[in-house]
Amino acid sequence: MPKITPNYLEMKAADLPASKAFYEKAFGFAFTDYGPEYAAVEGGAVEIGLAAGDSPPAPMPTFETDDLDAAFAQVQSTGAEIVAAIFAYPGGKRFECLDPSGNRLAIYQPG
């Protein structure tokens, strides 16, 4: 059986410029534009692409951080809607927010 490893996450962006701006400010991402309808963050363990459009709906991406309180403040500074404030779970703690296109994101700190 071949080894299959996740290494790319593509999400829809109803407003591509607003979504890029959110990810740049909230997470410090740098995008490469591939035409007017696609941009990608490359070079990490998992690369991320934003495709213009709003369907199909995407799964919830989860981002790891080493400072959840600082990440929460940084995301909040973008004006993003926080849909779940910081809460503990068996693997650590996390919060959830919506990006400008309505994609639900989880940001967590193991522990």
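Me: Which residues have the most contacts inside the largest nonpolar core?

Reply: Those are F22, Y23, L105 and I107, in a core of 23 residues. A nonpolar core here is a set of buried Ala, Val, Leu, Ile, Met, Phe, Trp, Tyr and Cys residues joined through side-chain atoms within 4.5 Å. Buried means under 20% relative accessible area, exposed over 50%, and partly exposed in between, with a 1.4 Å probe and protein chains only.

Me: Before we go on, what am I looking at?

Reply: This is a predicted model, where local features need pLDDT of at least 70 and side-chain atom pairs count only at pLDDT 80 or more, while totals for chains, interfaces and linings use all residues. Residues are numbered from 1 along each chain as its sequence is written, and side-chain values use heavy atoms, with hydrogens and water left out.

Me: Thanks! Which elements each supply at least two residues of that core?

Reply: Strand 1 (8–13), strand 3 (38–41), strand 4 (47–52), strand 7 (92–98) and strand 8 (104–110) do, along with helix 1 (16–27) and helix 2 (68–76). Helices (H or I, at least four residues) and strands (E, at least two) are DSSP runs, numbered from the N terminus.

Me: And what is I107 in contact with, leaving aside neighbours within four places in sequence?

Reply: Its partners are F27, F63, T65, L68, A71, K93, R94, F95 and C97. Contact means heavy atoms within 4.5 Å.

Me: Let's switch to I48. Why does I48 count as buried?

Reply: I48 counts as buried because its relative accessibility is 7%. I48 lies in strand 4, and beyond neighbours within four places in sequence, its contacts include Y8, L9, M11, A39 and F63.

Me: New topic: how many salt bridges does the structure hold?

Reply: There are 3, a salt bridge being a side-chain nitrogen of Lys or Arg within 4 Å of a carboxyl oxygen of Asp or Glu. One of them joins K20 and D33 at 2.6 Å, N to O. That pair links distant parts of the chain, with K20 in helix 1 and D33 in strand 2 (residues 32–33), 13 residues apart.

Me: Is K20 buried or exposed?

Reply: Buried, because its relative accessibility is 16%. D33 is partly exposed at 47%.

Me: Which residues form the salt-bridge network?

Reply: R94, E96 and R104. The closest N and O atoms are 2.4 Å apart for E96 and R94, and 2.6 Å apart for E96 and R104. E96 is buried at 7% relative accessible area, whereas R104 is partly exposed at 37%.
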